[in-house]
Amino acid sequence: MNTTEWQTYLVTAESRSAGRTTPEVVGAALDGGVDVVQLRDKATSARERYETGLQLRELTADAGVPLLVNDRIDLAAAIDADGVHLGQSDLPVAVAREQLGEDAVVGVSASTAEQARAAEAAGADYLGVGAVYGTDSKDVSGDRDGIGTERVAAVADAVELPVIGIGGIDANNAAPVIEAGATGVAVLSAITAAEDPETAAAALRETVTE
Ligand SMILES: Cc1ncc(COP(=O)(O)OP(=O)(O)O)c(N)n1
Ligand SMILES: Cc1ncsc1CCOP(=O)(O)O
Ligand SMILES: [Mg+2]
């Protein structure tokens, strides 16, 4: 799978979806043109995530869009996802490949050039770099204002891997992230909490691809 082509990346969160279900939001975001979807829900049970994951698998497969699972290699295998996104405290890339197969996409979070080089050496397929701007979607206590676009540039310069910026990004502030060297942007609230997730996804796509 060519992760260099991922420009708009939706990360799900039912708790931020204004009463809509995750499959409803994902369906709208796919209509708006997102390139990749990650199932990330820290507030629901494993069984609920599995049931949601099966629905997302069907929706994304119909749209020809890859589906990744945050953190959980077992859930990714159970719903036949295309891969996983692993944080610095999650299982190693090699374990994900062993469990999911050589063709699985494995993304890794990196907020420094050192972490980025290590993830590249471990065989990651792309990097999730952030939080770029301040966000309340994740506890990033060390860096409340975000790492900034200069750090995105430093990480992008340190590796060959595609860099996906994440954290506090929307259609209005995505352009500097791309200008800093990111190949794409990942968003949670900008799409899930939007009044119209399809329009929000389309607006983000327009900003990032122009
Ligand atoms: C695309 C993307 N980039 C970074 C993250 C953050 O992952 P992680 O560091 O594991 O934190 P949690 O998402 O698990 O809270 C991501 N999920 N996606
Ligand atoms: C999962 C994650 N990792 C770094 S910031 C973040 C949350 C991104 O959410 P939002 O797009 O709402 O700021
Ligand atoms: Mg994680």
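Colleague: Among contacts between residues at least 6 apart in sequence in the protein chain, what share join residues at least 24 apart?
Modeller: That share is 60%, where two residues are in contact if their C-beta atoms, placed from the backbone, lie within 7 Å. This is a predicted model, in which local features need pLDDT of at least 70 and side-chain atom pairs count only at pLDDT 80 or more, while totals for chains, interfaces and linings use all residues. Residues are numbered from 1 along each chain as its sequence is written, and chains are lettered from A and ligands numbered from 1 in the order in which they are written.

Colleague: Which residues of β7 point which way, and are they buried or exposed?
Modeller: In strand β7, residues 163–166, Val-163 and Gly-165 point one way while Ile-164 and Ile-166 point the other, and all are buried, meaning that 20 or more other C-beta atoms lie within 10 Å of each residue's own, again placed from the backbone. Strands here are DSSP runs of E with at least two residues, numbered from the N terminus.

Colleague: Why would they alternate?
Modeller: In a regular strand the side chains alternate between the two faces of the sheet.

Colleague: What runs parallel to β7?
Modeller: Strand β6, residues 126–130, runs parallel to β7 and is joined to it by four bridges, with Leu-127 standing opposite Val-163. Strand β8, residues 184–187, also runs parallel to β7, through three bridges, and there Gly-165 stands opposite Val-185. Two strands count as paired if DSSP finds at least two bridges between them.

Colleague: Back to the whole chain, how much of it is buried?
Modeller: Buried residues make up 51% of the 210 residues in the protein chain, and its C-alpha trace spans about 40 × 40 × 30 Å along its principal axes.

Key:
Buried ≥ 20, exposed ≤ 12 C-beta atoms within 10 Å, placed from the backbone.
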